[in-house]
Amino acid sequence: MASMLKSPKRTKLSSSYSDCFIFFSGALWAFFMAWALGTMVNPLNSLYTLIIGSSQKHCCGNPLHDPPEPTYFDDPSLSYSMLKPMKNWDQKRKKWLDTHPCFAGRKNRMLLVTGSQPTPCKNPNGDHLLLRLFKNKVDYCRTHDIDVFYNNVFLDPKINSVWSKLPIIKAAMISHPEAEWMWWLDSDAIFTDMEFKLPMDKYKNHNLVIHGWPDMIFEKKSWVGANTGAFLLRNCQWTMDFLNEWISMGPQTVKFSEWGQIISKTLTDKLFPVADDQSAFIYLLLTQKNKWGDKIFLEYDYLLESYWLEIVRELEDYIDKYLQTEMEDGRLRRRHGEKVSGFYGELRDKYLKRKDGKNWRRPFVTHFTGCQPCNGQHNPEYSAESCQNGMERALNFADNQILRKFGFVHQNLSSSSVSLLPFDSPFY
């Protein structure tokens, strides 16, 4: 007898679902086959493209692409010159960032700006020292993901000597709208703590950060109350205006000699009636505090720059202290990639703050002010030998912090020779 059960009829809807399933299954199979073949050629690249590349494109597109939408760069009246004031910079920079979203999301992006004179050094060792000084800055910036601009020309021939940094900073601000901060550092300044990270959240309400002491500036009226060999400037209209005010006392003005007289009469310890960038900066703080003071942070909690003569005598003491921290925690002796150095720097922090309240941290920046490594015309208070030896020791002290990640260290602070660093060895 024929069965009473009948096979259900295939409806149009179920047929459509089935066809779609077959199509997408085939497409998915083809995709993974293509990807699998790609991994046979370059497996890491293929995996990176699949996981990372697609998310980057989804996030902001190609970061190297410059969209056709016009920005201030397309304005024929744009001038990089220090002598032509920049107007509406905040709006211009914002529009550029809006058209380049890949650069807009990173907080406190920074550009370190430094440089040296256009001509070869007169000091026989000068060019070699400048190379090592620049390498030191590149090492620190590479470790902390900071871009670097090194300049060795006078952007305005009338604005030379110590004043030449101001035109460089303004041009860098315009050329690098993606950078939130400009960090000026003199060529004769050395990073002597490669682990230290600037506390940028501390400066969220300020536009200029400089190493200085309020009492020395506002009470003693000292021209060394702050040092313009190292400072941070926010990339904003306030900074453009401040630079314009600052340069108004510079060597390009017909009143330059007059400004020297005015400044030397205002500052109690300014012996020579010549307006330099540092004494002019102090003069601005004293005479226009209400206009600029709220946005200027005088930093003295750590050594944004420090006097070299005392520091170089204590380098071995810092070595001993850091050795002790590495004996207290073996993780600090672990070999690691340079890109993750920040992790170990943060780990070390708690061991540098001692129970007795003392802080063992190395000086952040050691400034060889008065040594003039390029022209050799050092301050008569120092000998050429003390400057030369001090720089070599400080550079090797800093270099060891980098070389360690490559498996080597200097044999001593006065030697250019290096030795292999044994496994699980402390810092030196």
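A salt bridge is a pair in which a side-chain nitrogen of Lys or Arg lies within 4 Å of a carboxyl oxygen of Asp or Glu. Side chains of opposite charge can pair when their charged atoms come close. The structure holds 27 salt bridges. It is a predicted model, in which local features need pLDDT of at least 70 and side-chain atom pairs count only at pLDDT 80 or more, while totals for chains, interfaces and linings use all residues. Residues are numbered from 1 along each chain as its sequence is written, and side-chain values use heavy atoms, with hydrogens and water left out.

Three of these pairs may be followed in turn. Helices (H or I, at least four residues) and strands (E, at least two) are DSSP runs, numbered from the N terminus. E195 forms a salt bridge with R362, with the closest N and O atoms 3.5 Å apart. Because E195 lies in the loop between β4 (189–191) and β5, and R362 in the loop between α13 (341–352) and β9, the pair ties together parts that are 167 residues apart in sequence. A residue is called buried under 20% relative accessible area, exposed over 50%, and partly exposed in between (1.4 Å probe, protein chains only). R362 is buried, with a relative accessible area of 4%.

A second salt bridge joins R348 and E326 (3.2 Å, N to O). R348 belongs to helix α13 and E326 to helix α12 (residues 315–328), 22 residues apart. Both R348 and E326 are buried. Salt bridges that share partners join D193, E195, E326, R348, D349, R361, R362 and R404 into one network.

E245 counts as partly exposed at 25% relative accessibility, whereas K291 is exposed at 52%.

The next topic is the sheet. Two strands pair if DSSP finds at least two bridges between them. Six strands form an open sheet of mixed pairing, in the order β2-β1-β3-β6-β5-β7. β2 (147–151) and β7 (296–299) stand at the edges with a single partner strand each, so one side of each is left without a neighbour in the sheet. Within the sheet, strand β3 (residues 181–185) and strand β6 (residues 226–234) pair in the antiparallel sense over five bridges. There, W181 stands opposite R234 in β6.

Helix α5 (residues 165–175) packs on the sheet, touching β1, β2, β3 and β6, where contact means heavy atoms within 4.5 Å. The direction of α5 makes about 155° with that of β3; axes are lines fitted to C-alpha atoms, for helices over the stretch in contact, and angles run from 0 to 180 degrees between N-to-C directions.

Finally, the chain contains two disulfides, a disulfide being a pair of cysteine sulfur atoms within 2.5 Å. One joins C121 to C374, S to S 2.1 Å. C121 lies in the loop between β1 (110–115) and α4 (126–143), and C374 in the loop between β9 (365–367) and α14 (384–403), 253 residues apart. C371 and C387 form a disulfide with their sulfur atoms 2.1 Å apart. C371 lies in the loop between β9 and α14 and C387 in helix α14, so the pair ties together parts that are 16 residues apart in sequence. C371 is buried at 4% relative accessible area, and C387 is buried at 5%.
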